[in-house]
Amino acid sequence: MTPIVLASKSASRQAILRAAGVPFEVMGSGVDEEAAKARLLTAGQGPREIADHLAEAKAVAVSKALPGAIVIGADQTLELDGELIDKAETLGEGRNRLRRLRGRSHVLHSAVVVAQHGAPIWNYVESPRLTMRAASDTFIDGYLTRHGEALLGSVGVYQLENDGAQLFDEIDGDYFAILGLPLLPLLALLREKGALAE
């Protein structure tokens, strides 16, 4: 079967693929995401388009190095009232992020692009909407204390796969996309390409 490569060092995306029984290798893309994001924002691109562009850039970069492989690139952006929100760099920023999101709805744009022979062959973007409850400062501080810097890998500073689920009143969208990888459409594509058994 054609080798599958994940162009991401994201522990969450690796865990999703591993749990789904997908055989894959990991290779970082080397894409300067911050520089690319700045260029796209300057060009007037929105959060959804930025996620799609970055996922494609990662997939294509690795695909050029491994042309025969099926390379998966993925990216996720958070949109709050039309604004792109970047990852928090410290737990203090994370606390402010959660306080800003509470009681409001935001959208996660989860993009996945598959490349082969140095060019994209498929792309998909899923955009779940999440409504956070008006959690108390005590709950937010306790959540940050329990999980620490592991939360900084998530742009929303939460993880649905743990007690972060308690932060929400409503979720409209695919669970895997919220975790960072729209899995079911990707699995269908991998079967179609002969990389997974039918």
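Author: Start with pairing. Two strands pair if DSSP finds at least two bridges between them. Strands (E, at least two residues) and helices (H or I, at least four) are DSSP runs, numbered from the N terminus. β3 and strand β4 (residues 83–85) meet that rule, with 3 bridges in the antiparallel sense. Leucine 80 stands opposite glutamate 83 in β4.

Reader: What kind of model is this, and how are residues numbered?

Author: This is a predicted model, where local features need pLDDT of at least 70, side-chain atom pairs count only at pLDDT 80 or more, and totals for chains, interfaces and linings use all residues. Residues are numbered from 1 along each chain as its sequence is written, and side-chain values use heavy atoms, leaving out hydrogens and water.

Reader: What is the mean pLDDT of the chain?

Author: pLDDT is the predictor's confidence in each residue, from 0 to 100. The chain has a mean of 95, and 100% of its residues reach 70 or more. Confidence is lowest in helix α2 (residues 33–42), at a mean of 93, and highest in strand β7 (residues 129–132), at 98.

Reader: Which sense does β3 take with β1, and which with β5?

Author: Strand β1 (residues 4–6) pairs with β3 in the parallel sense over 3 bridges. Isoleucine 4 stands opposite isoleucine 70 there. Strand β5 (residues 105–116) pairs with β3 in the antiparallel sense over 9 bridges. Glutamate 79 has valine 107 as its bridge partner in β5.

Reader: Why is strand β3 called largely enclosed?

Author: Buried means under 20% relative accessible area, exposed means over 50%, and partly exposed lies in between (1.4 Å probe, protein chains only). In β3 (residues 70–80), 10 of the 11 residues are buried, so the strand is largely enclosed by the rest of the structure.

Reader: Why does histidine 109 count as buried?

Author: Histidine 109 has 6% relative accessibility, so it counts as buried. Its place is in strand β5.

Reader: What makes the link between histidine 109 and glutamate 79 a polar contact?

Author: A polar contact is a pair of N or O atoms within 3.5 Å; within protein, one must be able to donate a hydrogen and the other to accept it, and residues adjacent in sequence count only if both atoms are side-chain atoms. The side chains of histidine 109 and glutamate 79 are joined at 2.6 Å.
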